[in-house]
Amino acid sequence: MSEKVIIIGSGPAGLTAAIYASRANLRPLLFEGFQDGGVPGGQLMITGEVENFPGFPGGIGGPALMANMREQAEKLGARMITEDVLSVDLSARPFAVISSSEERYGAEAVIIATGATANRLPLESEKRLWGRGVSACAVCDGALPIFRNKELAVIGGGDTAVEEAVHLTQFASKVYLIHRRDELRASKVMRSRAESHPKIEILWNKVVDEFLGDDCLNGLKLRDTVTGAVSELTVAGAFEAIGHKPNTGILNGQLETDRQGYIVTTPGASSTAVPGVFAAGDVRDSVYRQAITAAASGCMAAIEAERFLNATT
């Protein structure tokens, strides 16, 4: 017997979809494993303080927020399986979802909410100081008290890096934009914005060799890509803006994706080109990548899945 709805992913999108699907009496089955690079609970599980999620005026820890969402989904009737999904077969309904224990589950509708993984520098010091001054989201973390009126750094040279640097100028005393080349990859208008901003200083031909600090970040060790010279830069925060990778490996090319690999959905909706398959959260969103927008798209996906099932059964 097939499940009505299977949700793959347990970040804000997946758990919100589970909450709405449960309230619609669909008894969703949710896989909350790692799902091709993600983590159970999504990227908020490695986010210390969340100040921009509505309803928490004093802020809330990322893991605590996800624990609350999970508890709410379970209370409403969602069933959780803490396993990975190895693969899916979307060629015909009922769709097939194969778990890491090699069990095969059928589903009349599937919601893909596997998220995206921020590209990170392969440094042990980065791992040690992640969430302690090192972040991949200036919009999420830049306004935290520990970064206000401090000198900060953004690592990257594309549009996202410039956007994050400009965003940080609202809070920082100064922002260093660190780029490995002698020209930004960003669009012309974004390059001009960075180069003309009085609070932004671009450090050309520089890469980060080490994140400095014991309990929290206090600086960067930089290496010049042309001369090889090593220098140190004192900063209170460093934000990596070197891209994201949507977690779509389990799909094996069965859904249309854009040039960056994000799942393509119907404009203004969460439906994909395969009827009965929906995508929610960062796996389909290359623009906002926020917990609240992921949760909103999870709501959309569950409502659309309910309407699809009502129309086809």
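Reader: Which residues does Asp224 touch, leaving out those up to four places away in sequence?
Author: In this predicted model, Asp224 touches Asn205, Lys206 and Ala229, with residues up to four places away in sequence not counted.

Reader: Which strand is Asp224 in, and is Asp224 buried or exposed?
Author: Asp224 lies in strand β15, which covers residues 219-224. Its relative accessibility is 14%, and because buried means under 20%, Asp224 counts as buried.

Reader: And what separates the C-alpha atoms of Asp224 and Ala118?
Author: Those C-alpha atoms, belonging to Asp224 and Ala118, are 24 Å from each other, while along the chain the two residues are 106 residues apart.

Reader: Switching to Tyr176, where is that one found?
Author: Tyr176 belongs to strand β12, residues 174-178, and with a relative accessibility of 9% Tyr176 counts as buried.

Reader: What is Tyr176 in contact with, neighbours within four places aside?
Author: Once the neighbours within four places in sequence are set aside, the contacts of Tyr176 are Glu151, Leu152, Ala153, Val154, Glu201, Leu203, Leu233 and Val235. As for Ile200, which is 24 residues from Tyr176 along the chain, the C-alpha atoms of these two residues are separated by 5.8 Å.

Reader: Now the helices: at what angle do α1 and α2 pack?
Author: The angle between α1 and α2 is about 25°, and their axes are 9 Å apart. Angles under 35 degrees count as roughly parallel, and α1 and α2 are therefore roughly parallel to each other. The crossing in which α1 passes α2 is left-handed.

Reader: Which residues meet there, in α1 and α2?
Author: From α1 there are Pro12, Leu15, Thr16, Ala18, Ile19 and Ser22, and these meet Met66, Met69, Arg70, Gln72 and Ala73 in α2. Sorted by class, the contact of α1 with α2 consists of 7 nonpolar, 3 polar and 1 charged residues.

Reader: What about the largest nonpolar core, which members touch the most others?
Author: That core has 32 residues, and the members touching the most other members are Val5, Ile7, Leu15, Ala73, Ile111 and Phe278. At least two residues of this core come from each of β1 (3-8), α1 (12-23), α2 (62-75), β8 (104-112) and α7 (291-312), and α7 gives the most, with 7 residues.

Reader: What does Ala73 touch, apart from residues up to four places away?
Author: With residues up to four places away in sequence not counted, Ala73 touches Leu15, Ala18, Ile19, Ser22, Ala78 and Met80. There is also a second, separate core of 22 residues, with Ile112, Ile250, Leu251 and Ala279 among them.

Key
Residues are numbered from 1 along each chain as its sequence is written. This is a predicted model: local features need pLDDT of at least 70, side-chain atom pairs count only at pLDDT 80 or more; totals for chains, interfaces and linings use all residues. Side-chain values use heavy atoms; hydrogens and water are left out. A nonpolar core is a set of buried Ala, Val, Leu, Ile, Met, Phe, Trp, Tyr and Cys residues joined through side-chain atoms within 4.5 Å. Buried means under 20% relative accessible area, exposed over 50%, partly exposed in between (1.4 Å probe, protein chains only). Helices (H or I, at least four residues) and strands (E, at least two) are DSSP runs, numbered from the N terminus. Contact means heavy atoms within 4.5 Å. Axes are lines fitted to C-alpha atoms, for helices over the stretch in contact, and angles run from 0 to 180 degrees between N-to-C directions. Angles under 35 degrees count as roughly parallel, over 145 as roughly antiparallel, 65 to 115 as roughly perpendicular and the rest as oblique. A crossing is left-handed if the near helix is turned anticlockwise from the far one by less than a right angle, and right-handed if clockwise. Ala, Val, Leu, Ile, Met, Phe, Trp, Tyr, Cys and Pro count as nonpolar, Asp, Glu, Lys and Arg as charged, and the others, Gly among them, as polar.
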